[in-house]
Amino acid sequence: MSRTATRSRSTKETSIELALDLDGGGDEVSVTTGLPFFDHMVSQVGKHAGFSLRVVASGDVEVDAHHTVEDVGITLGEAFAEAIGDKAGIRRFASGLYPLDEALVEVALDLSGRPFVAYDVEIGEVIPLGTPPFDPQLAEHFWQSFATSAQITLHVRLREGRNTHHIVEACFKGVARCLRDAVRVEGTSVPSTKGVL
């Protein structure tokens with residue numbers, strides 16, 4: 001069974017083309033959004049989740065990175081929801097602790113069909129990353145947009161950390177690894193007493 005999806009999204013603020021393969025192995029990842037730091041983060045999702053992922057996005061980054069970040073999150077979430085299909089046989093739940101140097105992040109998720117995000121990641125002094133600048137606070141908005149469109153429950157909590165880059169990257173890698181575990185096929189039935197997710 002092919003677990004793939006393609007998505008296009010075009011608004012007055014952004015234009016996005018996206019292709020996703022949940023079983024792609026993580027070796028074919030290409031992300032171009034006009035925000036190099038954000039490209040680096042979304043690439044972590046493909047690589048560490050074991051997905052093949054191609055994202056080409058253009059947006060009004062001269063105004064702010066917000067629209068591009070939000071719309072990539074929405075588009076990736078929609079593609080993920082399509083690719084996962086009826087969720088028959090998937091593991092469904094995943095959680096773990098994920099370090100990046102001094103940063104330590106706790107992630108738990110459920111491919112529940114019920115969108116909910118608890119994001120407890122406080123960053124001290126907010127320093128934009130990259131050029132054009134990526135505001136680290138937009139990481140939360142990306143995960144809100146993704147989880148809502150993907151219809152998943154997502155918890156992300158910072159346990160330790162000082163370096164902004166490390167904290168944000170640990171979050172992206174941690175969610176990616178949980179997605180990798182949660183989409184793993186372990187059986188044939190839908191993992192719910194209701195019979196649907």
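1. Cys-171 counts as buried because its relative accessibility is 0%, where buried means under 20% relative accessible area, exposed over 50% and partly exposed in between, with a 1.4 Å probe and protein chains only. This is a predicted model, in which local features need pLDDT of at least 70, side-chain atom pairs count only at pLDDT 80 or more, and totals for chains, interfaces and linings use all residues. Residues are numbered from 1 along each chain as its sequence is written, and side-chain values use heavy atoms, with hydrogens and water left out.

2. Cys-178 likewise counts as buried, at 0% relative accessibility. A search of the whole structure finds zero disulfides, a disulfide being a pair of cysteine sulfur atoms within 2.5 Å.

3. Trp-143 belongs to helix α3, which covers residues 138–150, and with a relative accessible area of 1% Trp-143 is buried. Leaving aside residues up to four places away in sequence, Trp-143 touches Val-45, Val-117, Tyr-119, Leu-154, Cys-171, Phe-172 and Val-175, where a contact means heavy atoms within 4.5 Å.

4. The protein as a whole has four helices and eight strands, and from the N terminus on its elements run β-β-β-α-β-α-β-β-β-α-β-α. Helices (H or I, at least four residues) and strands (E, at least two) are DSSP runs, numbered from the N terminus. Among contacts in the protein with a separation of 6 or more, 78% are accounted for by residues 24 or more positions apart.

5. For 197 residues, a compact globule would have a radius of gyration near 16 Å, and the protein agrees with this at 16 Å; the radius is taken over C-alpha atoms, and the globule rule is 2.2 Å times the number of residues to the power 0.38. Taken along the principal axes, the C-alpha atoms fill a box of roughly 45 × 40 × 30 Å, and 49% of the 197 residues count as buried.

6. The accessible surface of the protein comes to about 9,000 Å², and 48% of that surface belongs to carbon and sulfur atoms; such areas come from the Shrake-Rupley method with a 1.4 Å probe.
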